[in-house]
Amino acid sequence: MTSAEQKELDHFMTGLKKRNPYEIEFQQAVHEVAASVMPWYLQQDDLHRSQILERITEPDRIITFRVTWETDAGEIRANRAWRVQFNHALGPYKGGLRFHPSVTQSILKFLGFEQIFKNSLTGLPMGGAKGGSNFNPKGKSRREVMRFCHSMMTELHRHIGEDIDVPAGDIGVGAREVSFLFGQYMRLENRWSGVLTGKGLSFGGSAVRTEATGWGCVYFCENMLHHHDFELEGKRVAVSGSGNVALYGAQKLIEKRAKVVTMSDSKGFIHAPEGLTMEQWETIQELKEKKRGRLSELDEAGITYHAGKRPWGVECDIAMPCATQNELEAEGAKELVKNGVVAVCEGANMPTSVEAVEILREAGVLLAPGKASNAGGVAVSGLEQSQNAMRISWEPEEVDRRLQRIMSEIHARCVREGQGEERVDYIDGSNIAGFKKVAEAMHAYGAV
Ligand code: NDP
């Protein structure tokens with residue numbers, strides 16, 4: 001970046017920080033995109049003059065509301081919920097709902113902002129949004145979760161619709177929660193519509209939606225490795241997380257004969273130096289998805305448990321962070337580099353901290369940002385919307401074929417914008433490719 005470009009970036013970020021004080025995660029996400037696009041953006045006189053960067057970083061609207069619900073013991077509880085409708089230049093707002101005590105407006109703004117470019121990269125007509133609540137589903141009974149979801153939808157239903165805003169799941173919101181939310185939407189609106197994605201297969205859900213983010217991440221990783229003359233087969237992969245993304249990412253890795261050497265949850269990680277077998281993966285799936293248990297309960301030969309630690313210190317060739325934002329920090333990145341890792345492929349959103357990104361970039365590690373590599377989930381959500389609109393459902397093979405094609409196309413878009421002399425800079429590639437399309441659409445609409 002030239003000093004003039006750096007000056008523009010600093011000036012822009014000073015204003016953004018002033019307008020969004022204390023929103024650290026949002027500032028981090030904007031800085032990353034703005035740094036990638038600034039050299040191109042400054043050459044686009046018309047975009048620059050119509051302040052596209054300032055407008056694209058300001059959400060269309062943020063809806064904040066109270067969700068009141070009743071515990072099994074009959075006590076009244078209240079949580080805060082949000083829907084950040086960030087940008088619908090390319091299509092109806094689309095993005096997940098997150099239920100986690102750490103949820104704040106800043107986190108949802110960063111996620112909604114990232115979602116704009118991720119959705120743009122898929123090539124499907126979807127705008128960017130995100131929502132959720134600081135409600136903690138852990139330790140709550142099924143009936144308590146149901147009452148919370150119903151109460152949340154009682155407010156949310158007036159702001160969404162199949163051509164307006166189509167939420168989906170995220171951390172803490174899986175098939176069970178989407179079903180509760182969908183049931184209440186239908187009761188209130190008295191009509192069936194594809195207003196949520198991630199629905200059950202028997203009521204409009206798409207085949208492969210559950211697996212899509214994890215599988216898509218592995219497809220992207222394979223594209224990235226092949227482009228740089230590496231093979232996935234036989235590689236040791238350190239996966240973090242054991243939720244939706246991590247589980248199905250690990251499943252596809254095992255299927256493709258890579259060795260999944262770690263998985264984690266919020267309390268610690270498991271280490272399997274020889275790689276998990278498919279039978280062990282099934283045991284973990286049962287434990288996490290059905291029993292909602294902890295990895296510390298696992299009792300399998302060849303697997304050790306490490307309480308309170310993250311997996312980045314183990315020997316591996318590839319890291320796939322699939323748990324949460326900023327989970328791979330400088331220390332972890334240094335350990336990965338020391339162990340000779342060739343690629344980091346993000347399954348989670350922004351799991352790699354700013355310092356860690358710098359360390360990995362400097363060491364020449366291939367780094368696939370979540371907005372490209374985890375776009376498979378929203379891509380199949382987009383396919384779910386299409387199937388709902390056409391009142392048809394495709395076979396799993398058909399959806400998987402489309403998913404693989406979309407991930408290859410996203411990879412090609414990143415290469416087109418990010419190819420360097422030796423390697424592709426996937427952060428720049430994805431940011432520029434995603435941004436250009438949205439910026440051009442916004443410019444075409446005039447001053448709206
Ligand atoms: P889940 O809730 O299914 O799983 C989250 C996993 O991460 C769990 O293993 C959880 O541990 C762990 N985790 C959560 N918070 C922390 C933390 N603070 N520290 C350590 N571990 C943590 O979520 P998903 O798999 O759906 O989502 C994971 C990531 O992928 C998120 O960043 C999400 O935004 C992103 N993503 C998800 C998509 C999807 O389709 N689901 C699509 C695109 C991105 P525990 O089991 O102990 O709770």
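Modeller: Start with one rule. Two strands count as paired when DSSP finds at least two bridges between them. Keep in mind that this model is predicted.

Biologist: Which strands form a hairpin, and which residue there takes a positive phi?

Modeller: The hairpin is made of S1 and S2, with five residues between the strands. Gly74 takes a positive phi, near 85°.

Biologist: In what sense do S1 and S2 pair?

Modeller: First the general idea. Strands of a sheet pair through backbone hydrogen bonds, and the pairing is either parallel or antiparallel. In this case, S1 and S2 (residues 76-87) are antiparallel, with ten bridges. Look for facing residues. Thr68 stands opposite Ala78 in S2. Ile62 stands opposite Val84 in S2.

Biologist: Which residue in S4 is the bridge partner of Val84?

Modeller: That is Lys130. S2 and S4 also run antiparallel, joined by six bridges.

Biologist: In what order do the five strands lie in their open sheet?

Modeller: The order is S1-S2-S4-S3-S5, and the pairing is mixed. Strands S1 (61-70) and S5 (165-168) stand at the edges. Each has a single partner strand, so one side of each is left without a neighbour in the sheet. From one strand to the next, the twist averages 20°.

Biologist: Where do the side chains go?

Modeller: In a regular strand they alternate between the two faces of the sheet.

Biologist: Which strands does helix H5 lie across?

Modeller: H5 (residues 105-122) lies across S1, S2, S3 (93-99) and S4 (128-133). Relative to S4, H5 runs at about 150°.

Biologist: What is the strand order in the open sheet of seven?

Modeller: The order is S9-S8-S7-S6-S10-S11-S12, with mixed pairing. At the edges stand S9 (304-307) and S12 (366-368). Each has a single partner strand, so one side of each lacks a neighbour in the sheet. Neighbouring strands here are turned by 15° against each other on average, direction ignored.

Biologist: In what sense do S11 and S12 pair, parallel or antiparallel?

Modeller: Parallel, over three bridges; S11 covers residues 343-345. Val344 stands opposite Leu367 in S12.

Biologist: Now the ligand. Which residues come nearest?

Modeller: Start with the shell, then pick out the closest members. There are 26 residues around the ligand, and Lys138, Asp170, Thr213, Ser266 and Asn349 come nearest. By class, the shell has 13 polar, eight charged and five nonpolar residues.

Biologist: Which helices and which strand each supply at least two residues of that shell?

Modeller: Helices H8 (209-227) and H9 (244-255) do, and so does strand S7 (259-265).

Biologist: How do I read a polar contact?

Modeller: Look for a pair of N or O atoms within 3.5 Å. A polar side-chain atom of Lys138 lies 2.7 Å from a ligand oxygen. For Asp170, a side-chain N or O atom is 2.6 Å from an oxygen atom of the ligand. Gly172 uses its backbone: an N or O atom there lies 3.2 Å from a ligand oxygen.

Biologist: How much of the ligand does the protein cover?

Modeller: On its own, the ligand has 890 Å² of accessible area, and the protein covers 83% of that.

Notes. Residues are numbered from 1 along each chain as its sequence is written. This is a predicted model: local features need pLDDT of at least 70, side-chain atom pairs count only at pLDDT 80 or more; totals for chains, interfaces and linings use all residues. Side-chain values use heavy atoms; hydrogens and water are left out. Helices (H or I, at least four residues) and strands (E, at least two) are DSSP runs, numbered from the N terminus. Axes are lines fitted to C-alpha atoms, for helices over the stretch in contact, and angles run from 0 to 180 degrees between N-to-C directions. Contact means heavy atoms within 4.5 Å. A residue is near a molecule or strand if one of its heavy atoms lies within 4 Å of it. A polar contact is a pair of N or O atoms within 3.5 Å; within protein, one must be able to donate a hydrogen and the other to accept it, and residues adjacent in sequence count only if both atoms are side-chain atoms. Accessible areas come from the Shrake-Rupley method with a 1.4 Å probe; for residues, only the protein chains shown count as cover. Ala, Val, Leu, Ile, Met, Phe, Trp, Tyr, Cys and Pro count as nonpolar, Asp, Glu, Lys and Arg as charged, and the others, Gly among them, as polar.
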